[in-house]
Amino acid sequence: MAQRLVKTIIYLLLAVIALLAALIAFYWAPDRSVAELKQWQLPNSEFIAIQGMQAHVVQSDKCDVYRSKASMDQAISAGKSLPEAVVLLHGTSASLHTWEGWTKALSDEYCVVSMDLPGFGLTGPYIDETTKYSSANYAKFVVQVLDRLNLDQVTKVTKVTLAGNSLGGKIAWRTAALYPDRVDKLILVDAVGYPATPKHVPIGFKLAKYPALTPILSHILPREVVKKSVLSVYADDTKVDEALVDRYYDLTLRQGNRQALNRRLQDTDNNSDQAQIKQLDLPTLIIWGAQDDLIPVENAVLFHRDIANSQLKIFDDLGHVPHEEDPLATVKVVRDFLE
């Protein structure tokens, strides 16, 4: 009887191992280099050295005036005003591509800057593995990018508007709180900031929270998991096409991004910095999708309540990424705010 039980257990273990091997083989998705993901570079993409990383950054044509002190001086001496800068910060597992609609609409008038934050897109993870993926470290990264692009205190006439979605929203308001002399206006899009009980958490986020799964998740990636995660942040499923899923899927495979996501979710800030929201004293636009299942629309009201100089616009039919789901409708509100 005992021998039969041992044999049964062995057979079951072998079956489980075989099943795991089959799943790994079927969903095997090794890391990809930046060169292998070249299709996700934009015509105006560039890589700049920040903290040992090659940060993926995109600037619109209006930013050309800031590329050298000579060009700035020339513009000023010619009586031209330097364009305002609008800096766009994406959320967790997204990339600078999420802002393409806004960038296109704003680039005729503004210097529009978007970037892949550390751990995401083509920028990839922090080189120093001891660096935490905290909002304070992200804010430091953003300021360093602005310095490298000459959007710094030296110009003095530069007005930088920071816009951010979700995690990028928290990085935006944290940057304004930690570096108040660098930010002129804020645009918060379904931003992190207050405690929230999600109605639905993307399955990719759920899995990445378990360190024990990191060795497996670093080598496999079912495309269907990525697709379900994207669907969960959209209100209108018909807007999630295969090309959109391809972008999220491919950029998740960028070397080091999956491991960084696990660390990012482990390094999530507590709420001790929430008090800084009430200290913000700058024009702020709060945009929210009422169908956001990740951060409830009630949090938009809290931001509006706590930031004295703020205005609120809620889009009834949009989800967690309203700027990506309907860029035309949302950017119209942004233009009104900036003007």
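**Notebook: a predicted model**

I began with Lys332 and found it in helix α14, residues 327-338, where helices are DSSP runs (H or I, at least four residues) numbered from the N terminus. This is a predicted model, in which local features need pLDDT of at least 70 and side-chain atom pairs count only at pLDDT 80 or more, while totals for chains, interfaces and linings use all residues. Residues are numbered from 1 along each chain as its sequence is written, and side-chain values use heavy atoms, with hydrogens and water left out.

I looked up why Lys332 counts as exposed: its relative accessibility is 54%, and exposed means over 50%, buried under 20%, partly exposed in between (1.4 Å probe, protein chains only). From C-alpha to C-alpha, Lys332 lies 9.6 Å from Leu106, although 226 residues separate the two in sequence.

Next I checked confidence, given by pLDDT (the predictor's confidence in each residue, from 0 to 100). The protein chain has a mean of 89, with 84% of its residues at 70 or more. In residues 16-23 the pLDDT is below 50, and this stretch has zero contacts (heavy atoms within 4.5 Å) beyond near neighbours in sequence.

I then turned to the largest nonpolar core, which has 53 residues, with Met115, Phe141, Leu186 and Phe303 having the most contacts inside it; such a core is a set of buried Ala, Val, Leu, Ile, Met, Phe, Trp, Tyr and Cys residues joined through side-chain atoms within 4.5 Å. Apart from it I noted another core, of 19 residues, including Val86 and Tyr110.

Last, I found Gln276 in helix α11 (residues 276-279); leaving aside neighbours within four places in sequence, Gln276 contacts Trp173, Arg174, Ala177 and Leu178.

Methods: Helices (H or I, at least four residues) and strands (E, at least two) are DSSP runs, numbered from the N terminus.
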